[in-house]
Amino acid sequence: MNKNNTKDMELIINMNNLYKTLMDKVDIGIHVINNEGKTIIYNKKMMEIESMSTEDVLNKNLLDVFKFKENQHSTLDHALKTGKTTKNVKQTYFNNKGKEITTINDSFPVIKNGKINGAVEIAKDVTQLELVIKENVLRKKNTKFTFDQIIGESNSFQTVIEEAKMATRTTSSVLIVGETGTGKELFAQSIHNGSNRSIAPFISQNCAAIPDSLMEGLLFGTKKGAFTGAIDRPGLFEQADGGTLMLDEINSLEPSLQAKLLRVIQEKIIRRVGDTKDKKVDVRIIATINEDPIDAISDNRLRRDLYYRLSVVTLFIPPLRDRKEDIGYLSQSFIKKYNALFQMNIKQINNRVKHLFQQYDWLGNVRELEHTIEGAMNLITDEETIDVHHLPARFRNKISDRQKNNAMSPINTDFQQTLHDKMAEVEKNFIQQTLEEHENNISHAAKSLGISRQSLQYRMKKFGL
Ligand SMILES: Nc1ncnc2c1ncn2[C@@H]1O[C@H](COP(=O)(O)OP(=O)(O)OP(=O)(O)O)[C@@H](O)[C@H]1O
Ligand SMILES: [Mg+2]
């Protein structure tokens with residue numbers, strides 16, 4: 001081989017490698033068939049979209065591998081047989097394991113010397129987006145909660161209910177702060193249903209559940225052609241027009257989208273991705289966060305400017321362990337709920353269970369309590385009261401742990417609980433003392449404590465000062 005030939009070979013090998021790398025790096029699915037309908041190229045993204053491996057597909061006839069519904073055909077096969085190009089066609093079909101796949105495709109024939117030599121399909125995965133949209137349609141129907149279903153008599157909880165009721169009279173944004181299972185969704189729905197927006201939609205979207213790349217299109221909508229596979233679709237803002245949009249776990253929203261969200265709230269206009277025109281929208285935002293917003297700001301999970309805008313009304317829902325007097329009321333109401341549902345006639349929880357519930361730290365809050373009662377009622381046969389042996393093992397273990405601890409040391413009964421309470425107590429007292437020293441001047445007290453005004457106000461609210 002002469003020198004030039006070697007160079008050519010090197011070039012071909014390099015190009016081939018480059019082409020293989022490119023195929024696997026692009027974010028669109030590529031599927032190529034030859035003139036017999038057999039797959040000759042099937043890239044990595046396509047494998048992801050269709051949940052298949054190369055071996056499942058390569059050198060096989062496309063129609064042997066994928067199944068289409070009766071009234072649908074494969075656009076790729078269509079391109080091969082008819083020589084026609086199709087663009088932005090939505091297809092739903094099944095892979096070899098029966099999994100449903102939805103894509104939006106461009107398909108076109110490969111023509112050589114006037115003859116159809118094969119066909120190419122370029123696909124954008126919309127299965128995920130479809131799922132999200134379906135879920136939202138389901139959720140839209142599920143706006144049933146009102147204030148009279150919110151149970152809780154403790155002072156701190158009653159204060160939150162009062163504040164939330166006041167928020168039904170306005171259209172201001174609301175920020176609901178609370179640990180998982182404290183009832184954030186319950187409050188958001190109650191505010192919507194108690195307001196004059198109640199006839200309009202309530203849409204709730206968890207920001208943590210959606211990949212960043214899909215979130216912008218989901219919130220603001222897309223315009224046909226904005227990206228491969230994009231179709232004209234309204235976003236959640238348009239769908240919630242006139243009503244309420246609840247954005248769950250706002251701290252999981254990408255900062256650049258938080259900035260866009262802020263603009264929409266301020267200007268009340270949205271622009272679909274890929275569009276050049278603005279649209280007016282009238283949507284009330286209720287955002288939720290399951291951590292201290294001040295921590296989220298300092299760790300760059302929440303933009304400060306968005307926080308100021310959202311926190312016009314801030315509702316801090318205390319965790320269940322900080323309002324133990326509510327446990328009895330809540331238990332009773334869940335017993336009533338599941339009596340009706342299971343056709344049972346349970347009267348109450350017995351004293352031993354009451355005592356255990358008071359000791360427990362309820363990291364899953366009211367949701368965990370509800371599940372505990374529901375689970376117990378599944379185990380009851382002839383009795384009328386819920387007893388310790390109906391509870392999950394973690395409660396029963398707690399008793400035996402305590403008995404063991406008691407045997408060794410009478411003080412060390414529940415270290416975690418004591419530490420948590422103790423820390424909160426120290427923090428509360430220190431803040432109270434500092435406020436008194438500065439005659440309740442928040443700016444001065446905050447400065448002396450070395451925290452921001454907002455952080456102090458948040459803590460005052462949290463501790464009911
Ligand atoms: N005060 C309450 N009275 C009656 N039921 C409640 C109360 N708080 C919560 N629940 C019930 O507990 C469950 C969890 O409530 P919800 O979904 O509103 O919590 P959340 O704060 O949104 O939780 P997450 O952060 O995990 O989304 C629901 O079934 C709700 O009905
Ligand atoms: Mg929730």
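Helices, taken as runs of H or I of at least four residues, and strands, taken as runs of E of at least two, follow DSSP and are numbered from the N terminus. With that naming, N251 is placed in the loop between β11 (244-248) and α11. The views below are of a predicted model.

**View 1. The surroundings of ligand 1.** Ligand 1 is surrounded by 18 residues, and the closest of them are I151, T180, G181, K184 and R367. A polar side-chain atom of T180 lies 2.6 Å from an oxygen atom of the ligand, while a side-chain N or O atom of R367 is 3.0 Å from a ligand oxygen. The side chain of E370 likewise brings an N or O atom to 3.2 Å from an oxygen atom of ligand 1. Of the 630 Å² of accessible area that ligand 1 has on its own, the protein covers 85%. Two or more residues of the shell come from each of the elements α8 (184-194), α14 (325-342) and α16 (365-379). Sorted by class, the shell consists of eight nonpolar, five polar and five charged residues.

**View 2. Helix α11 and its buried face.** Helix α11 comprises the 13 residues 255-267, which at 1.5 Å a residue should span 18 Å, and this agrees with the 18 Å between its end C-alpha atoms. Its buried residues are L257, Q258, L261, L262, V264 and I265. Viewed down the helix axis, these buried residues fall within an arc of 165°, so they line one face of α11. As background to such a pattern, an α-helix has 3.6 residues a turn, so residues three or four places apart point the same way.

**View 3. Helix α20 and its two ends.** Helix α20 covers residues 453-463, and S455, L456, Y458, R459, M460 and F463 are buried in this helix. At the start of α20, a side-chain oxygen of S452 comes to within 3.1 Å of the backbone nitrogen of S455. Just after the helix, G464 adopts a positive phi of about 65°.

**View 4. Two loop residues with positive phi.** Most residues other than glycine have a negative phi, and most peptide bonds are trans. N300, although not a glycine, has a positive phi of about 60°, and this residue is found in the loop between α12 (293-298) and α13 (304-310). Q343, also not a glycine, has a positive phi of about 55° and is placed in the loop between α14 and β16 (348-349). Are these two residues buried or exposed? N300 is exposed, with a relative accessible area of 64%, and Q343, at 72% relative accessibility, counts as exposed as well, the cut-off for this class being over 50%.

View 5. R394 is found in helix α17, which runs over residues 393-408. With a relative accessibility of 38%, R394 counts as partly exposed, since that class lies between under 20% for buried and over 50% for exposed. R394 and Y360 are 34 residues apart along the chain, and their C-alpha atoms are separated by 9.7 Å.

How values were computed. Residues numbered from 1 in each chain as written. Chains lettered and ligands numbered in written order. Predicted model: local features only at pLDDT ≥ 70, side-chain atom pairs only at ≥ 80, totals over all residues. Heavy atoms only, no water. Near = heavy atom within 4 Å. Polar contact = N/O pair within 3.5 Å; in protein donor to acceptor, adjacent residues only side chain to side chain. Areas by Shrake-Rupley, 256 points an atom, 1.4 Å probe, with all protein chains shown as cover. Nonpolar A, V, L, I, M, F, W, Y, C, P; charged D, E, K, R; others polar. Buried < 20%, exposed > 50% of the residue type's maximum accessible area, 1.4 Å probe, protein only. Expected span 1.5 Å × (residues − 1). Arc of directions from axis to C-beta.
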